Amino acid sequence: MIEFDRVVKYYGTHRALDGVTFTVPDGCVTVLIGPSGCGKSTSLKLVNRLLEPDDGYVRVDGRPVKSFAVEELRRGIGYVIQSAGLLPHMTVQDNIGLVPRLLGRDKTWRRTRALDLLELIGLDPHSYARKYPSQLSGGEAQRVGVARALAANPPVLLMDEPFGAVDPLNRETLQNEFISLQRKLKKTVIFVTHDLDEAVRVADRIVLMQDGLVIQEAAPEELLGHPSNAFAREFVGTDRALKRLGRFSVSDYMSQDTSRVESEDHTSVPASATLREALSRILAVPSDQIPVRDAQNRILGSISLEAIRRAGYGGAST
Amino acid sequence: MVTDSGATVESWLVRKPVVFAVIIGATGVFLPLFTIREHRLDGGTGLSLLSASVPYSVFLTACLMVPVVISLVRMPARVRAGFLAGIGSVLIVLPWLLAATIGSSVLVERELGLGRVAPAGGFWFLILSGIILFSEFSRAAQGWTGTLLVVAISLCLFVMFWLGLLEDIAFIREYRVREERFFSELIAHLRIAAMAVGSAVLVGVPAGIASYRYPVVRKPVFSVVSGLQTIPSLALFGLMIAPLAFLSQRYPFLRQLGIRGIGNAPAIIALFLYSLLPILRNTYTSLSVMDPAVIEAGKGMGMTQKQLLFMLEIPVALPIILSGIRVASVQTVGNTTVAALIGAGGLGNFVFQGLGQAAPDLIVMGVIPIVVLAIVIDRVFGFFIGRAIPGVRTVE
Amino acid sequence: MKARSSLIVVTFIVLFLVFGSFVFSVSFRATILRVLFPATRELIYLRTGLPHMLGEHLSLVLLSSVLASLAGFSLGVFVTRSCGRDFLPLVRGLSNFAQTFPPVAILALAFPVLGFGFRPTVAALFAFGILPVLNNTIEGIESVDAGLIEAAQGQGMTPSQVLLQTELPLAARVIVAGIRTSVIINIGTATIGATIGAGGLGTVIIAGLVRNNTAFVFTGAVTAAGVALATDWLFSRLEQVFFNPQDGGRSGHDSTRHSS
């Protein structure tokens, strides 16, 4: 668990953090979000002590970060930044093995680890291990950046707009890969972004910040359903109900009843999709329900406009 | 380049550089190949290949036709490039062989025992056409072909020289007369250049770091150093004389150190000032192109200050700084030639002696090693910059 | 800030006047040289006047640089057109290779080929002066964003319109930087031209070196340095006036080979 306790940070006379307090529970993704200059990146850098607070405490597992030797602390925390920050004169393999090398791991261990991690992030180990960063595309470099952060198997991962420099199509792929990776690894992640869609997609919890203050700290559904003040309402936007549907899975809201759907119906939706997608597809057909299929294209049941509306409304009311 | 393996015959026919090289080579056949001189100051008479030797003319024409034929025959692009680069190498070596055979036999024929064969237009044109073919195709041949051919060319020339086949060539004559002095001047040349560049590294690198760290320093340092580089070398050498002469008169211990108004001291100081700009500028650039994100990533991963310096900053900056030293070295080797005018040692002495005596062969003899030196230094640096630190694009 | 810049202007005017008087007024020059070299008896080189040598020097440089710039520029444009593309790698390779040659080597070789005098020197300066212009023309044109060229073509521009209205204006800064490098190198190499009888400011330097007369050497060196610095300054003003004055001074493209 990581705790921020009334943290204050000045840049010159500018109060960048004005008494920030929130907690990051273990094993889930906490997203810091807000307009630029709200203090989200600053908060992140206080955790691995790239910055030091002027007042208040940052604690990891109850222990103030100040009490750690700074290099030891950083080697135990994975760090991913926007432009990947791969060292240009080292191969992909050596980049991934860098933190283990700092920790004194031997060469064979590092190589095996690098190959395993490349496999994990979906890059062919044998064609990528010996490439240099300049030979990678933006998306590939970013994946390697994630692999590097995971190399020493740290329990905590700090991600500072990790997919910000990647084009929108690739960004969505990377987000999905990150989500499935996190399902396996269960790291404690602090993830900074200014993109609400990204936050809604990856977050277990969202901390909304503005001008160095925490505005709201909540689960994404909660933030979208009940923004706590005018700023939060404006920030989540007028389509917040739609965005919120993106958090619910079709499989949770479909009916098992297959009697009312015709099997040759062209428009259907996979069970793994979100209610937002389902809504979009229903709106494109004359009927108000469509079949739900599984990965093998078998019909599992159906999802109706009514069920989606109920989910959206019900969520907002509870 | 010729990497397109599926190139059609037509596109090969119109490959302009091949045609260009062949035309230059053919011009060489008609121009005088050598000037036959009775003695070093004789104007001499021209000797063209056609008038001197029919078999050789036929052979040479065949050599020049080969690229055209190769261009027409269907074969993999790499093989074709290899062949063409090979022909280029032959054209580079051939003129020397012609000098050793035709040239020497003409001297015997005309009973000019002490005469000399001075390379003329045709000689250089043939070599130029060879260089064009070689440089155009050795890269396309890929792998070690280019390197092997360079080694083969050097070996051929060296063996010819070793066996004494080239003795009748005019500038080799000049070299033989001054063999010992040649080596002492060569060493003097290298020593002056090395001392100048060495001290420029010692000053330029810290100055570059300082101008990066303290922006206040940057402008004055850069404008002074780039102003220095603007001044003509002879003028800068000249400007060193008066103050150094004054100092050495004033302080006898300086005179004991060998510091006088003329000679090596003013030369080294002026060359040092000249070398500063490339080194200073590249050091500054190497620091300013360092991606702050990479430094932050390094810190974020828990690198200590020392690890950051040795594992990140130096490896990234080194190739750029080395390119600066490369430019400075090549330039200094050239300018050391001029230093001979203010009484410093070095190969420039031969050049200016040759100019003073209106002896062209002596000039050529002085210029060739200077050019070779500059090229070799450039290539050696290029090799190390390319090999030692891969992955980083060198900024030149 | 304003006071500082007017101070700079005053300094420049003073420097300019002092330099001009040094070159054109024999008595002024003699006064200065007498202060600096009290032991030297012969202070003024009498065989040729300093203004005359300056004129020779400038005509050497002007003639060779104009020709070299035209040649280098045309060749650079040619190898970046579709009809000359075949030559691009060759020209680029040879030109990079030839730039390793010291300018003084080219100058020295001009004598065996062309003999002594003004014209061989111009030829040598011309030959070497082509290279920076050529390199920068190629580099400047090649670095123009391919998307911009496509956009220009897409608007229906003919190839020559694309060249004149898109490529050259965008490459101009780099090309001018090449011309600047070329001119500065030529001013330097022309000084050495005195050794092959070209005249110019090198004449008095060489005479001073031969006769062990430091005042002569100083006279020529200061004048040559002044000409080079003034020319360089003129170019930097020119670049500031005509191009985006973002970095004022040298662009990153001039090739640091202001040698000889």
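Start by selecting chain A and chain C. They do not touch, and their nearest C-alpha atoms lie 19 Å apart. Keep in mind that this is a predicted model.

Two pairs of chains are in contact, and chains B and C share the most contacts.

**Stop: chain C**

Hide the rest and colour chain C by secondary structure. You will find 10 helices and zero strands. Walk along from the N terminus: the elements read α-α-α-α-α-α-α-α-α-α.

Next, show the surface of chain C. Of the 260 residues in chain C, 52% are buried. Then look at contacts within the chain. Take those between residues at least 6 apart in sequence: 76% of them join residues at least 24 apart.

**Stop: two helices in chain B**

Select residues 233–250 of chain B, helix H11, and residues 264–288 of chain B, helix H13. Their axes come within 9 Å and cross at roughly 130°. The crossing of H11(B) and H13(B) is right-handed.

Show side chains where the helices meet. From H11(B), pick Ser233(B), Leu236(B), Phe237(B), Met240(B) and Leu244(B). From H13(B), the contact residues include Pro266(B), Ile269(B), Leu273(B) and Tyr274(B). Colour the contact of H11(B) with H13(B) by class: 12 residues are nonpolar, one is polar and none is charged.

Conventions. Residues numbered from 1 in each chain as written. Chains lettered and ligands numbered in written order. Predicted model: local features only at pLDDT ≥ 70, side-chain atom pairs only at ≥ 80, totals over all residues. Heavy atoms only, no water. Axes fitted to C-alpha atoms, helices over the stretch in contact; angles between N-to-C directions. Helix = DSSP H or I, 4+ residues; strand = E, 2+ residues; numbered from the N terminus. Left-handed = near helix turned anticlockwise from the far one by under 90°. Contact = heavy atoms within 4.5 Å. Nonpolar A, V, L, I, M, F, W, Y, C, P; charged D, E, K, R; others polar. Buried < 20%, exposed > 50% of the residue type's maximum accessible area, 1.4 Å probe, protein only.
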